[in-house]
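Student: I'd like to go through some labels in this structure and see what backs them up. Can we take them one at a time?

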Amino acid sequence: MQESLKSNNLNGRLIAMCGKGGVGKTALTALMIKILVSSGNHLKLLAIDADPAMGLPIALGVDIKKTMGAVRDEIIRTARTTKDERKIELADMLDYMVFEALTELDGYSLIAMGRSEAGGCYCPVNDLLRSAIEELSKGFDIVIIDGEAGLEQIHRNVMRNIDTLIAITDKSARGLQVVDTIKKMAMSGKVIRCSRMGMVINRIRAEEKEQAIKSAREIDIEILGCIPEDDNIAQNDFIGKPILDIEDTSPSIAAVKDIVVKLDVLPSSA
Amino acid sequence: MEPFDVHIEKLSRYLNDVKRKRQFREIRCPTGSAELLEDLPVFVGNLEKANLILKEDTAVELGNPSVASCAFLLWTPNLSLVRDGVINLIGPDIQEAIGESLPFAQVLVVGGAEIKAQHHLLLEQHHVISNKIEGYMVRAAPQRQRMWTRVSKEAVEKGLTFEVLGRALMAIYKSELPVIEATEVIFITSSKEDVKGLESIAADVHRIKDKALSSKFIVKDDGSYECTSEYADCTECPEQDICDEIRDIIRLRRKRRVASNSSK
């Protein structure tokens, strides 16, 4: 199966999260960022929030000044009044605007796709922005994309080739069904190309773990790890505190550390 | 599109005024591109990998959108208006501003007897020297006359200064655009106010360029249109298709008017 997911056109360590709504994609992304930043490896880390709902900046406690949606609107507005001869100016300006949308923080940088007011399909604009994001990503050691439930949003607006696709689920049958659908989409290679796909089972109580793993195995993809139910995350969510601020001793942290090791992204384990 | 002689003079008056109030250095460099590039401490040429300089690797930031920036180019066939090989620096140099985010203006004045209006965009494109100087990241918005750059800590350690940037810029122009005979560079880092003082000249340049790049029609009193494009012959004009369409529409309207008048 892994062979069928291979792509010939991959660079860097690009990781994308997907899975049913509410299973914990954003929480896992935030925890991975926390672990990678505190690993002391001084990696250049880029986080991309591909979900228009923009949950990742909240989970990270970051204020976003400009989204890629705003850049998209500006491109469309400028393109309407730009003559052929001046397209090169627009091409230069794109990198300026994408850099404006990059929020640089301690140990990592963040881009939020957000929403575009312009609506419409404007496929060439999406292509243009995707190429700018792909170009920007080349300067980073690790890129983590927090996606929507499906793969379309990542494919359309962020990136077409990634290294590792992580499908997240909780113990629900519906969550697993979505993982199975994502697997089929990824295997078809039509929506997104990835070289590795793994599953993470989230919010699992110790006594449920065995059964959850048994059900997950039926989907036949690598299980990267199980994250236990973590009251600290729930508490931070409840009081509106960033997930990034949870204690290092929180049970979910150890589980996500194991996942990071399995992903083989840190230089010490490369 | 006229050469920017008037604007070069205006710029010169503005700089004379600012120079009196601020720290000012005039750096005289050789004029040949090979001599300009001699012994530069950083690589100048096409870089294999795009320069991405994040905050943590930045020694000095110039023209961050939250501070101020202004960048434009002026050209003239009148070589006496360009002090070839001169770099004007108003404000602190890179080594004097480590850790700072400075306002930034970069103005290039280029001269060449054969420079024509149609060279303008090509000349401006080279203004954005992104990915051509090691340790120097450029993000430019030519339509807004903005330029946001970062100098890496590594490049500063190697000795990157405004003299090096100016030399690289002049050498790139002279080697890649044979039509250029003389180049003068102006860098301003002294204050937001000094950078913003250039905006009226920049806006003028933008307006003139806009006008030149769009075949302009003036509606005359009798309702007919007059093309103000600088092209002597319409077959040279890139907008000819549009004009042909408009002429067809005018013809159709005239026909209709004649038909309705004769039926009265």
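Student: Why is the pair K171(A) and E208(A) called a salt bridge?
Tutor: This is a predicted model, and in it the N to O distance between those two side chains is 2.8 Å. The cut-off is within 4 Å for a Lys or Arg nitrogen and an Asp or Glu carboxyl oxygen, so the pair qualifies.

Student: What makes K171(A) and E208(A) a tie between parts apart in sequence?
Tutor: K171(A) sits in the loop between β6 and α7 of chain A, and E208(A) in the loop between β7 and α8 of chain A, so the bridge links parts 37 residues apart in sequence.

Student: What makes E222(A) and R196(A) a salt bridge?
Tutor: Their closest N and O atoms are 2.8 Å apart, and the rule asks for within 4 Å, so they pass. E222(A) is in strand β8 and R196(A) in strand β7 of chain A, so parts 26 residues apart in sequence are tied together. E222(A) has 29% relative accessibility and counts as partly exposed.

Student: What does the network of salt bridges with shared partners include?
Tutor: K66(A), E74(A), E100(A) and R144(B) are joined into one network. One link there is E74(A) with R144(B), whose closest N and O atoms are 2.4 Å apart. With 4 Å as the limit, that one counts too. Between chain B and chain A the count is four salt bridges.

Student: How do you know how much area chain B and chain A bury between them?
Tutor: The computed figure is about 2,500 Å², with 58% on carbon and sulfur atoms. On the chain B side, L52(B), Q143(B) and R144(B) lose the most area to chain A, together 25% of what that side buries.

Terms used. Residues numbered from 1 in each chain as written. Chains lettered and ligands numbered in written order. Predicted model: local features only at pLDDT ≥ 70, side-chain atom pairs only at ≥ 80, totals over all residues. Heavy atoms only, no water. Buried area = accessible area lost by both parts, 1.4 Å probe. Helix = DSSP H or I, 4+ residues; strand = E, 2+ residues; numbered from the N terminus. Buried < 20%, exposed > 50% of the residue type's maximum accessible area, 1.4 Å probe, protein only.
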